[in-house]
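Thanks, everyone, for making the time this morning.

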Amino acid sequence: MNDTKKMGRPRTFDSREALMAAMNVFWAKGYDGASLKDLTGAMGISGPSMYAAFGDKRELFLKTIDLYGDVDGCAPVVAFEAEPDIERAVKGFLEQVIIYATAHESGAKGCFLASSVSASIGEVEGVSERVEKAIDDTDKRLAARFDLEKEKGVLPPDFPSLERARFLYDIRQGYMFRGRAGWTADAMRKDIDHRVKMILATPSSG
């Protein structure tokens, strides 16, 4: 009787962990290269369970993009927002980016959005809108941090917050690309202080 009850229980799994596992597969193999067998094997669930919980492959892919924005993609931004000193905040952002570019726990290097997701823009419906929103949201959060420093009088009133936010994000993508190309963290840290100065240079001095 106990055996019957045990067999009748539905298999349970952590949906967040399963999505993380799927994201790592897409990250390493790309959308086209990731087979359903690869995905379900990494997620530790059956095909029917995957469809029931996440939908088809496209829907699963879109969910991993959303997850990346909530987890990995936001980690440098959170570090940037949490540090009271703006110079240390910029440096902390770049340091966090370098760590993610060279030592991600999954073994993947570079940015999931730039290295894997962007390759599917125009081919997988729903990807373009998500990438555009992810970039726009990040720009706005970074700019808001600079605006806060303007309100405090730390940065001048004419400091171009949005332009520097975009510049900071573009530097982030450059680090991610270098990490994917095999650059070490130490190599990327050599010019980090110069980049901080570039980001924070006032309009009159920059």
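Let me begin with α3 and helix α4 (residues 47-54), which pack at an angle of about 85° with their axes 10 Å apart. Here the axes are lines fitted to C-alpha atoms, for helices over the stretch in contact, and angles run from 0 to 180 degrees between N-to-C directions. That angle makes α3 roughly perpendicular to α4, on a scale where angles under 35 degrees count as roughly parallel, over 145 as roughly antiparallel, 65 to 115 as roughly perpendicular and the rest as oblique. On the α3 side the contact is made by L36, T40 and M43, and on the α4 side by G47, M50, Y51 and F54, where contact means heavy atoms within 4.5 Å. Sorted by class, this contact has 5 nonpolar residues, 2 polar ones and no charged ones. For the classes, Ala, Val, Leu, Ile, Met, Phe, Trp, Tyr, Cys and Pro count as nonpolar, Asp, Glu, Lys and Arg as charged, and the others, Gly among them, as polar.

Before going further, a word on what we are looking at. This is a predicted model, in which local features need a pLDDT of at least 70 and side-chain atom pairs count only at pLDDT 80 or more, while totals for chains, interfaces and linings use all residues. Residues are numbered from 1 along each chain as its sequence is written, and side-chain values use heavy atoms, with hydrogens and water left out.

How far is the predictor confident in this chain? The mean pLDDT, which is the predictor's confidence in each residue from 0 to 100, is 86 for the chain, and 87% of its residues reach 70 or more.

As for the overall make-up, the chain has 12 helices and 0 strands, with helices (H or I, at least four residues) and strands (E, at least two) taken as DSSP runs numbered from the N terminus. Buried residues make up 42% of the 206 residues, where buried means under 20% relative accessible area, exposed over 50%, and partly exposed in between, using a 1.4 Å probe and protein chains only. Of the contacts in the chain with a separation of 6 or more, 70% are between residues 24 or more positions apart.

Now back to α3, and to its other partner. Helix α2 (residues 15-33) and helix α3 (residues 36-43) pack at an angle of about 160°, with their axes 8 Å apart. That makes α2 roughly antiparallel to α3. The crossing of the two is right-handed, a term used when the near helix is turned clockwise from the far one by less than a right angle, with anticlockwise being left-handed. From α2, the residues A18, A21, A22, V25, F26, K29 and G33 meet D38, L39, A42 and M43 in α3. The residues of this contact divide into 8 nonpolar, 1 polar and 2 charged.

Which residues deserve a look one by one? I would start with F26 in helix α2, which counts as buried at 0% relative accessibility. Leaving aside neighbours within four places in sequence, F26 is in contact with Y31, A34, L39, K57, L60, F61, T64, F112 and S116. F26 and L39 are 13 residues apart in sequence, and their C-alpha atoms are 8.2 Å apart in space.

Not counting residues up to four places away in sequence, A42 touches A21 and V25.

Finally, M198 sits in helix α12 and is partly exposed at 34% relative accessibility. Beyond four places in sequence, M198 is in contact with R164 and F167, and the C-alpha atoms of M198 and L168, 30 residues apart along the chain, are separated by 9.5 Å.
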